[in-house]
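Morning, everyone. I'll be quick.

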Amino acid sequence: MNAPIEHSGKPRVAVHKFSSCDGCQLAFLNLGEDLLTLAGRVDLVHFAEAGPLDPVTDVDVAFVEGSVSTPEDLERIRHVRAHSRLLIAIGACATSGGIQGLRNGVFDAQWVTQIYSHPEAIASLERSTPIASHVKVDFELWGCPVSGPQMLAVVNSLLLGVAPRDNADKVCTECKRQGYPCVMVTRGIACMGPVTRAGCGALCPSLGRDCYGCYGPAENANTGALAAQFARQGLSPQAVVQRFQSINSQAPVFLAAADKIRIQNHD
Amino acid sequence: MTEQLRSVAIHVPVLARVEGEGALDLRVEDGDITQLRLRIFEPPRFFEKFLEGRHYTEIPDLVARICGICPVAYQVTAAQALEKLFGVELSPWAHAMRRVFYCGEWIQSHSLHIHLLAAPDFFGCSNAIELARIAPDEVRRGLRIQTLGNELMDLFGARSVHPVGVRVGGFHGAPSLVRIQAIREKLRAALPEAEALIRWAATIPVPQDDQDFVSVATQHPIDYAIETGSIAVSDGLNIGTDAFDAHFAEQHVPHSTALFSTYHDQPYLVGPLARLNLNHERLPEPVKALLTESGLALPSRNLFHSLLARAVEILLALHEALRLLDGYRVPDSPWVPFTPRAGVATGCTEAPRGLLWHRYEMDDEGRVVNARIVPPTSQNQRRIEEDLRLSLLNFGLDHPDDALRLHCEKVIRNYDPCISCATHFLRMNVERT
């Protein structure tokens, strides 16, 4: 994925939005004065929230925020893929289907009729799915939201022609490096850190609270052991399921962990 | 001037520089507007459905995800509603810090909107990067102010997008005195920058476009309302948050995935200009002085004053944060204990884009039975369409298509619509007649 850029001039970059809260795009818009530096190094071809509108021109890198959740999204993501040399999925929606993935498996067409008096005008797929379910994704950046430093690290890697670094280790490793007391060991709080992907810098434990898994599953996550630990701490089966079924509910590892508990409890 | 009668069809498939996905359809036939629709097609996310069954401890983290630009508004409104139901009396520290935290979001969101979304229109630029070439100092100043807002949110929430610090009963943690002293220095240094921003915003020429409309905002007896207050209307109505449903209604129109709101069957305005119209007498003296200097006469009936209103509110938020952080002490505990109970709770605060109302029905284990959330942009949607129609007639339909399109976009951006918010709050509702 590090072939040289073929056209002359600055690398062309697009930022596309699908179903999301817009929060991952803010990793760019919240860069402060660095945003102007970035704009000097790349050619921002398409980034609707920031102004540039050109979803047609071929780009070197497309950052995609959001999940696929409507029939029109299906067409659009194929179009984006066809016009992008590299496609990078950013954030929980794009990598796992996001919080709106909580509707998967329980979506009922009645939801639409209960909310909207003109349901025929609403197009919504039954499932909210990550970008990689539909097209080839070159790199996934997990997190709800991804952070500015994470995004800049990816952009800088690409500008230098190297593959971005993928840190799939656990939040616990970041927590230990920062020297935060373990909230589970010292205070008995049901923390998702042992199975959650690093990247945030252990923000929740820094405030003395539980990690709630917003960066998705880490590699080699032992969800069974953690679920058993939660049960020993007094969480009901429903509460344990909800720990895994939150921001990244459709990430396969978290979905399997929740399903296992549901089956054990004949839910 | 003779009016040229002609037919125009303008279709803006994707509105740039707004949060979320919307489009505009305008049809003019024989010199009359025959169709004008702000179409919102941001996919529905069914938030209120999947809040059902969730424990109250999760709600601040879940509702934040409705909007990446104003997560604090959602977290604080939800916490306020649940604290009222559970009979929680916040400590004076937590009460003050909720307002400081919220000031951070106003500073961030307003500065982002002024510089990255709205201002380029008034300088003939298509985005902030172009604007930075002709007004580099102003854009850089704006980005610095935005960064300071983010830093203020970081203090209490560890990050500014989907912060993790709010819990029902207070905050999870309290910033150290050293960090507070550092941010106070920055806030103080930003005051002259924010004053210069107001002076700059006041020099930007705007169309004269007075319209009659109803303003709605939260109101507090003493302070400029942000995180708490009753609901005030420019016609004199002043109600508690529980009475919202008796006066405001939502309905669905086929061209939108957001619900439209009305007040006594009329469109109404929420947001910075509505707040200034209703609450400007409660501004601190130094902010009042700048407001007077800017020449903005209140109440204003011209939505093009919204950019200046945001600049004024940035200065207000800086002053409020400084005032509340004066004499800061780390509390013994950043939160108070309580026992959840069943019942119905409502909450209401001023998101950067306007009034945000939540209602939760909870069971006796502290789980959500049902939830309803009414965000500011769906409340403004009706008003935006009305404004577009009036503003276009005032502007003149004989302008070239590009000028009509730009004018429409400027009108829409005055409201800083957050389309992500508007559709992410879809509540259970059957059409009411």
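Ground rules. This is a predicted model: local features need pLDDT of at least 70, side-chain atom pairs count only at pLDDT 80 or more, and totals for chains, interfaces and linings use all residues. Residues are numbered from 1 along each chain as its sequence is written, while chains are lettered from A and ligands numbered from 1 in the order in which they are written.

Chain A. It has twelve helices and five strands. These are DSSP runs, numbered from the N terminus: helices are H or I with at least four residues, strands are E with at least two. The radius of gyration of chain A, taken over C-alpha atoms, is 20 Å.

How is chain A divided? Domain 1 is 12–159 and domain 2 is 171–264. Those bounds come from an automatic or database domain assignment. The C-alpha centres of the two domains lie 26 Å apart. At the contact, 13 residues of domain 1 meet twelve of domain 2. Contact means C-beta atoms, placed from the backbone, within 7 Å. On the domain 1 side, helix α4 (residues 91–96) of chain A gives the most, with three residues.

Now chain B. Domain 1 is 8–40 and domain 2 is 47–424.

Look at helix α4 (residues 92–122) and helix α6 (residues 136–157) of chain B. They pack at about 155°, axes 8 Å apart. Axes are lines fitted to C-alpha atoms, for helices over the stretch in contact, and angles run from 0 to 180 degrees between N-to-C directions. So α4(B) is roughly antiparallel to α6(B), a label for angles over 145 degrees. Among the residues that meet are Met97(B) and Phe101(B) in α4(B), and Leu143(B) and Phe156(B) in α6(B).

Last, the backbone. Where is Pro145(A)? In the loop between β5 (139–141) and α6 (148–159) of chain A. The peptide bond from Cys144(A) to Pro145(A) is cis, omega near 5°. Leu298(B) and Pro299(B) are also joined by a cis bond, omega about 0°. Pro299(B) is in the loop between α10 (285–294) and α11 (306–325) of chain B. Finally, His162(B) has phi near 55°, a positive value in a non-glycine residue. That histidine, His162(B), is in the loop between α6 and β4 (166–167) of chain B.

How values were computed:
Contact = placed C-beta atoms within 7 Å. Parallel < 35°, antiparallel > 145°, perpendicular 65-115°, else oblique. Rg over C-alpha atoms; globule rule 2.2 N^0.38 Å.
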